[in-house]
Amino acid sequence: MPYGPPRDASLDGHLVDGAFAYLTIATGICFAIVVVVLGIALLFHRRRAGRVAHYTHGDRRRDHVVTLGVAVAMFLGIDAVLAGRSLGHLETRFWSYPDGDPAAVRVEVTARQWAWTFRLAGPDGRFGTRDDVVTLSELHVPAGRPIYLKLHSKDVIHSLYLPAFRTKIDAVPGQTTRLWFQAREPGRYELGCAQHCGVSHYLMRGEMMATPEADWQGWLDRAVQDARLRYDATPDSALGAWDWEQG
Amino acid sequence: METASDNPASGASPSVLFSRDHKVIAKQFLALGLAFLAVGGFMAMLIRWQMAHPAAPVPLVGRALFGASGGIISPAAYTSLFTMHGTIMIFFAVTPILIGAFGNFCIPLMIGARDMVFPTLNMLSVWTMAAATGTLTASFFVPLGAPQAGWTAYATLSTAVGTPGLGQTLWVVAIYLNGASSVMGAINYITTIIRERAPGMTWLRLPLTVWGFLMTSILNALFVPVLAAGMVLLFFDRVFGTQFFVAGSTIKGGGDPILYQHLFWLFGHPEVYILILPAWGIVSDLLAFFARKPAYGYRVTVGAFVAVTALSSLVYGHHMFTTGMSPLLGESFMVLTMIISVPAVLLFLNWLGTLWRGSIHLDTPMLYCLGLVFTFGVGGLTGLFLADIVADMYLHDTYFVVGHFHLIMAAAVLLAIFAGLTFWFPKMFGRMMNEPLGKLHFWLTIVSLNVVFGGQLVIGYAGMQRRLYDPSVYEFLRPLLPLNQLISRAAFVLGAAQLIFVGNFCWSLLRGRRAPENPWQVGTLEWSIPSPPPHHNFDAIPVVHHGPHELGNPLVLARLGRDWLGQTEAAELAWPARTAAEDAAGGGVETADTAGAPAAPEGTT
């Protein structure tokens, strides 16, 4: 398809694409039937000399049963199948956050007009310490490990959008939202803001670098060295969604 | 204030500006709505220019409108444009035309009443709407300019944190006044439909148009106050420094921005049905009239209207799937949203049933209705994609949403407006509209709008977010430029095609063929009186004997030599005389509008 979505780079994005494909086919068939019925009616049931419309109110029990039957069949065949499928995927994948997973890379995302800030805990695994790594508009993650984000916003509502990962989640002032995903393969992926957040909404773009595990560890080590030099003990950016070191 | 001209019985023509005549008020709403439709449409053209040629000077009007930036639409101007385009189209174009104009004009005429129950309230409703439009227009001319928080005005962007300045405050006031006008109209419509139906106009003999307006009015009366409450809180946040919605570390606030979304969408999703229900009603009637058949499954259609109305407030959370709402809430809203597709499918099947084996007359109003059936089909089905949380994670806030709701709220609703205008124009103004011009307008419109909104679905599937000033900031959106340019060209054709309608409207108003009493040969009450109707509508309050779509009845054809029967025509005309006892029991009309009974025994023809 010439105008398709960016190539799916995530572990679970195929479930989103699958839902879209299923819906496209199912609704496409329904719509094709409608168009055929409409076409036959318009071609053959047009006004002609001497033609009299078939007189019916369509209000007999039999008529009701037919229309209700078709509607319920459509609901069961399309909506219910889709809902069952999606509820399952939400429970087992998208809303099954890697809370106890030691392999998960935890990130604190701070949104503001008009940039993203990403904070990683560093080697000690705690946020709000001297070895925190804070990056602006650039998220560095290892491929093949779950990435677990907790987001908040300093000013207005933003929405972190990863088109190649088929997902987005709002960043809301005064609240914490969360999102997890996993990169299947290394690469450079665009991220952006999906929620209108002011005049420069369109500029709130960033990038995610998914690198092999070893490369990421090397990057993290270098970044931690830099971070220690520039540590500011009074950050105001975080809500404390992760376990913050107090004081 | 009671003057001779306001006396319904006098028959004198009322004053134009301070009239309490529902027909004059309908025309006031129509004029106001059409004017703002033009303004909102023009803004859409500017938005499409920016999408096709980002940061290129706008031809023709650029210097005049955006002189400070050399004819280029600035990011701030673009933000105001999409904010005001949405606001104007929904609250100040479609609402006054569809509900204000058609509701006012059709309800009393179709139920056999001389006017609304509360004519003065009706006049106040149009004045309040005028005040709202004045307030909204003023927001363009204040320091810091027009509002910029989007038509949904999400907090905290819409508070002083995100959008300082008087413009956004005026927007809040304008929406509040607009809502007050809607509620006044809704109270009037509900009371009129309940109290003022002509003798014999039972609930199941109401034209479906009236059913649509009744359901819309109930939703307006219930849910516009919720929006008004949100606007009052937002106003307090902006002006008095309260913190209902303010939160975050920029301003240390203890409010809840998500609360605003709950208030907004608890109104906002019913609003979709507020606008589509009258369209459904009009189309359900017109398909029957022009297929020369009774509306198929009338009682199921009415049931579908009622079901959609009842469910409409229970599905609003699907606008908020990405706010991090509780999983249980999200899943409930997803399932409820899918359930509402059942009544929508029933309605759609009944439309097809009405057309099937009809004798379809392709007059201009019918073309618009058929166009609506097509676009509503695409628009409705794409709604399913957004009801599904998994697909919505990707599609939310993309152009897929834009394409979906434009197919319904722009394409389908506007096609219903065109259908209604061409259909009732003879009754409103006493002249016929030009058919060839109408058909030309229809074909240009239907082709170009499907390219525009269908193209937006594709763009959204490719991942393009809404409300981007310049999509080329994102690498993955750059290949979409040719498609955006195609959409924009189609949009310009769509915009230009509307000039044909304006021309047809104005020309027909002055020079159109004089309309007969009943040009479409249908049986609802408004076609039993002169075009245009006298001030008091009906010389004598009609007595109703049939449902609204008594078309193609073989018995009537045999007895009267025509395929339609007026709602007022006595049953004795068409059926063997009944005994007085049967008539007293209400049995005399059973054949015409009761399910299960064929028109007449086979032998009587």
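Two residues are in contact here if their C-beta atoms, placed from the backbone, lie within 7 Å. Everything below comes from a predicted model, in which local features need pLDDT of at least 70, side-chain atom pairs count only at pLDDT 80 or more, and totals for chains, interfaces and linings use all residues. Residues are numbered from 1 along each chain as its sequence is written, while chains are lettered from A and ligands numbered from 1 in the order in which they are written.

**View 1. Chain B against chain A.** On this interface, 88 residues of chain B are in contact with 82 residues of chain A. Helix α10 (residues 341-355) of chain B supplies the largest share of chain B's side, nine residues. Helices (H or I, at least four residues) and strands (E, at least two) are DSSP runs, numbered from the N terminus. Sorted by class, chain B's side has 50 nonpolar, 26 polar and 12 charged residues. For that sorting, Ala, Val, Leu, Ile, Met, Phe, Trp, Tyr, Cys and Pro count as nonpolar, Asp, Glu, Lys and Arg as charged, and the others, Gly among them, as polar.

**View 2. Helices α7 and α8 of chain B, side by side.** The axes of α7 (residues 257-291) and α8 (residues 298-311) of chain B come within 11 Å and cross at roughly 175 degrees. Axes are lines fitted to C-alpha atoms, for helices over the stretch in contact, and angles run from 0 to 180 degrees between N-to-C directions. The two helices, α7(B) and α8(B), are therefore roughly antiparallel (the label for angles over 145 degrees). From α7(B), B:Tyr273, B:Leu277, B:Trp280 and B:Ser284 meet B:Thr301, B:Phe305, B:Val308 and B:Thr309 of α8(B). That set splits into five nonpolar, three polar and no charged residues.

**View 3. The core around B:Ala419.** The largest nonpolar core has 255 residues, and B:Ala419 is listed with B:Ala279, B:Ala412 and B:Val413 as having the most contacts inside it. Such a core is a set of buried Ala, Val, Leu, Ile, Met, Phe, Trp, Tyr and Cys residues joined through C-beta atoms within 7 Å. Not counting residues up to four places away in sequence, B:Ala419 touches B:Ile282, B:Val283, B:Leu286, B:Pro365, B:Tyr368, B:Cys369 and B:Leu372.

**View 4. An open sheet in chain A.** Five strands line up as β3-β2-β1-β5-β8 in chain A, with mixed pairing. Two strands pair if DSSP finds at least two bridges between them. At the edges sit β3 (133-136) and β8 (177-182) of chain A, each pairing on one side only. Neighbouring strands of this sheet are turned by 25 degrees against each other on average, direction ignored. Strand β2 (residues 115-120) of chain A runs antiparallel to β3(A) over four bridges, and A:Arg119 stands opposite A:Val134 in β3(A).

View 5. Most residues other than glycine have a negative phi, and most peptide bonds are trans. A:Ser137, in the loop between β3 and β4 (138-142) of chain A, has phi near 60 degrees. A:Arg166, in the loop between β6 (158-162) and β7 (167-171) of chain A, also has a positive phi, about 60 degrees. With 15 C-beta neighbours inside 10 Å, A:Ser137 counts as partly exposed; with 27, A:Arg166 counts as buried. The cut-offs are 20 or more other C-beta atoms within 10 Å for buried, 12 or fewer for exposed, and partly exposed in between. In chain B, a cis peptide bond joins B:Ala155 and B:Thr156, with omega about 5 degrees, and the bond from B:Ser531 to B:Pro532 is cis too, with omega near -10 degrees.

How values were computed
Parallel < 35°, antiparallel > 145°, perpendicular 65-115°, else oblique.
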